[in-house]
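This briefing goes through one protein chain, topic by topic. Please keep the sequence and the 3D view open while reading.

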Amino acid sequence: MNHSLVDRPIKKADDRIRGNVNVQSVYMLLKGCLHTHTTCSDGKLSPQEVANAYESRGYDFIAFTDHDYLLKPNYREICGQLKTNMIIFYGIELTVFVNGYIHVTKIEGDREVLHIFNHIGEYDFTPEQLLVRLTELEKMYPLDAVEITTKGFREMVFESLNIAYPKIASDDSHTLGGIGRAWIELDTKREKDSIIQAIKKGKCWNCYI
Ligand SMILES: [Zn+2]
């Protein structure tokens with residue numbers, strides 16, 4: 001269940017900006033993107049350039065989710081060597097065959113793992129066909145959420161879809177211009193597993209430019 005935008009805890013964000021909150025000890029409003037691409041697969045920017053672009057836009061965390069079938073062999077090593085103050089999740093976008101190819105991201109926390117059925121608007125599925133794929137995917141992966149945006153753009157038909165998964169907005173960025181269109185915010189500890197646990201519970205807000 002996603003909260004509506006009107007529920008967003010603006011006050012806490014304002015407090016953090018004003019420095020009224022001890023960010024080390026309390027839950028905080030975090031901004032993040034769970035779907036990005038780099039030159040480690042088909043993205044145009046290097047991982048460091050992607051990190052810099054998101055960090056300069058005020059993000060607290062991002063997930064690198066390069067494609068499995070294009071992946072550079074040293075991808076994990078590169079992701080671990082970035083210079084940034086953001087939390088960086090190591091992830092991978094898996095190509096899965098379920099009556100046609102679909103994409104699922106696997107994102108690693110410290111102990112938690114997050115699986116997201118990606119860009120459900122890109123497959124030209126009817127809502128009924130989508131539910132069939134969801135049922136098949138559930139047999140293959142412990143699915144946690146669905147991405148309802150397409151390259152960062154809103155898909156109103158999927159926002160209102162009655163499904164039992166948290167709905168996530170992401171950029172699926174491949175270029176500098178694709179960065180910052182859609183993101184999630186959540187109020188939790190600034191650590192990987194707390195972020196993943198909050199998303200699994202649907203305790204996040206989808207935000208758009
Ligand atoms: Zn992608």
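A residue is called buried if 20 or more other C-beta atoms lie within 10 Å of its own, exposed if 12 or fewer do, and partly exposed in between. By this rule strand 1 is mostly covered, with eight of its nine residues buried. The model is a predicted one. The chain has 209 residues, and 34% of them are buried.

**Overall make-up**

- The chain contains six helices and nine strands.
- Of the contacts between residues at least 6 apart in sequence, 64% join residues that are at least 24 apart.

- Nine strands form an open sheet with mixed pairing, and their order is 7-6-5-4-3-2-1-8-9.
- The edges of this sheet are strand 7 (167-168) and strand 9 (205-208), each of which pairs on one side only.
- Helix 2 (residues 47-56) packs on the sheet, where it touches strand 1, strand 2 and strand 3 (87-97).
- The direction of helix 2 makes an angle of about 145 degrees with that of strand 2.
- In general, the strands of a sheet pair through backbone hydrogen bonds, in either a parallel or an antiparallel way.

**Strand 1 and its partners**

- Strand 1 pairs with strand 8 (residues 182-188) in the antiparallel sense, over five bridges.
- In this pairing, M28 stands opposite T188 of strand 8.
- Strand 1 also runs parallel to strand 2 (residues 61-67), and three bridges join the two.
- The bridge partner of G32 in strand 2 is F61.

**A closer look at L30**

- L30 is part of strand 1, which spans residues 28-36.
- Is L30 buried or exposed? L30 counts as buried because it has 25 C-beta neighbours inside 10 Å, and the cut-off for buried is 20 or more.
- L30 and D187 are 157 residues apart in sequence, yet their C-alpha atoms are 6.1 Å apart in space.
- Leaving out residues up to four places away in sequence, L30 touches D60, F61, E185, L186, T188, R190 and I195.

- Strand 4 and strand 5 are antiparallel partners, paired over five bridges.
- A hairpin of four residues joins strand 4 to strand 5.
- T105 has I116 as its bridge partner in strand 5.
- Strand 5 (residues 113-117) also pairs with strand 6 (residues 145-147), in the parallel sense and over two bridges.
- On that side, the bridge partner of I116 in strand 6 is A145.
- Together with helix 4 (residues 127-140), strand 5 and strand 6 make a right-handed β-α-β unit.

**The nonpolar core**

- The largest nonpolar core holds 39 residues, and those with the most contacts inside it are Y54, I62, I116, I168, I184 and I199.
- Among the elements that each supply at least two residues of this core are strand 1, helix 2, strand 4 (101-108), strand 8 and helix 6.
- Which element gives the largest share of this core? Strand 1 does, with five residues.
- Beyond its neighbours within four places in sequence, I168 is in contact with L34, I116, A145, V146, E147, I148, I184, I199 and N206.

**Helix 6**

- The buried residues of helix 6 (residues 192-200) are K192, I195, I196 and I199.
- Seen down the helix axis, these buried residues fall within an arc of 95 degrees, so they line one face of helix 6.
- After helix 6 comes G202, which has a positive phi near 75 degrees.

- N99 is not a glycine, but its phi is positive, near 55 degrees.
- N99 sits in the loop between strand 3 and strand 4.
- N99 is exposed because 10 other C-beta atoms lie within 10 Å, and a residue with 12 or fewer counts as exposed.
- K151 is not a glycine either, and its phi is positive at about 50 degrees.
- The loop that holds K151 runs between strand 6 and helix 5 (156-159).
- K151 counts as partly exposed, because it has 17 C-beta neighbours inside 10 Å.

Conventions. Residues numbered from 1 in each chain as written. Predicted model: local features only at pLDDT ≥ 70, side-chain atom pairs only at ≥ 80, totals over all residues. Contact = placed C-beta atoms within 7 Å. Arc of directions from axis to C-beta. Pairing = 2+ DSSP bridges. Axes fitted to C-alpha atoms, helices over the stretch in contact; angles between N-to-C directions. Core = buried A, V, L, I, M, F, W, Y, C linked by C-beta atoms within 7 Å. Right-handed = clockwise from strand over helix to strand, strands pointing away.
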